[in-house]
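Dear colleague,

Please find below the structure for your review. My notes on selected salt bridges and on one helix follow.

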Amino acid sequence: MKIGLQLAWDPAHVDLFLALARAADRAGVHSLWVSEGYGHDAFSGLALLARETDRIMLGTSIVNVYSRTPAALAQHFGTIDELSGGRVIIGLGVSAQGVIERFHGQAFTEPRLRLAETAALLRLYWKKQRFSHEGRAFRVERALELGVRPVQTTPPIFFATMAPGSVRLTGEVADGWLPTWIPIDALGAEISQLREWSSAAGRDASALTVRSPGTAVVAETSEVEAVRRGQRETLAFFIARNGEFYHRQFVRHGLANEALAIREAWTAGGSERALASMPRGLEARFSFAGNAEECREYLAIQRDSGVDIQMVSLASEARQDAEAVLRRLSTE
């Protein structure tokens, strides 16, 4: 199976960050993924990974399309691709209104349009040729040639999208999909719909790469409950506090009553009350925690649903023998 490993990028823990990356590289893991919210930027972490690994792909999940211009993104991603010898995966998304407006100070307007134009411009810059672009989000007249030397002929661009219109856009223009907050029992149908939209746009739908929406956390028995509590906390936050953009995703998947109850509980009594209102086991529809063999079984279910890259994370005990654990997950 193609395994993707999510890494938490924090300079305070850089030794662990790099040790896990090297172990994953040796184990034959497909890709490493670094996120960026309003903490440490993704690209400095990716630059370190590019130098410390040899074969593994390096992706962002995600960087947003508001805080940097398409030209700046082309510089960043092109530099990582050059430094790594052609191993970058461009993971783009619109993030959430709170992050864009309350951290970056940018208006959260026309997100789908901005995502589409950013991808188009990245591909144009990547060609290292003069071009002009007359769009609604961006206008570029006789663009200067990109001054970095990316190795890949064209950049692999993955979109993180949720709403049907945005998922359709992913199928029409992106190379891959980074779905999120899709129940495991709905995953197969969602991927089939994506590929139908891709085919309708005249594309080879089988060429579209899908990463898993949830993460399987390899954890020993003593750690599982703590991991699952963390998963419940994350789920409650996205349902109750991360804006309508995410809240509507849960409503689309038949969880309107649960989502409303969790949001009202948080408003009335904070995160602990929201957790208490959450139906038991709800987090298991979106993520998983268990030992390596149990995780393999879960990943196989995702693979059979149409997922190409299976996302995993390692709890503390699994990190002690990271290479062996990751090799076991990757091996059929």
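Glutamate 172 and arginine 168 form a salt bridge (a side-chain nitrogen of Lys or Arg within 4 Å of a carboxyl oxygen of Asp or Glu), with their closest N and O atoms 3.5 Å apart. Both residues lie in helix α6 (residues 164-173), four residues apart, or about one turn of the helix. Helices are DSSP runs of H or I of at least four residues, numbered from the N terminus. Glutamate 172 is partly exposed at 34% relative accessible area, as is arginine 168 at 37%; buried means under 20%, exposed over 50% and partly exposed in between (1.4 Å probe, protein chains only).

This is a predicted model, in which local features need pLDDT of at least 70, side-chain atom pairs count only at pLDDT 80 or more, and totals for chains, interfaces and linings use all residues. Residues are numbered from 1 along each chain as its sequence is written, and side-chain values use heavy atoms, leaving out hydrogens and water.

The structure holds 18 salt bridges. Among them, arginine 263 pairs with glutamate 244 at 2.5 Å, N to O. Because arginine 263 belongs to helix α10 and glutamate 244 to helix α9, this pair ties together parts 19 residues apart in sequence. Salt bridges with shared partners also join Arg26, Glu323 and Arg327 into one network.

Helix α10 (residues 256-277) has a kink of about 145° centred on glycine 269, the bend being the angle between axes fitted to the seven residues ending there and the seven starting there. Its buried residues include Ala259, Ile262 and Trp266.

Yours sincerely

Note on methods:
Helices (H or I, at least four residues) and strands (E, at least two) are DSSP runs, numbered from the N terminus.
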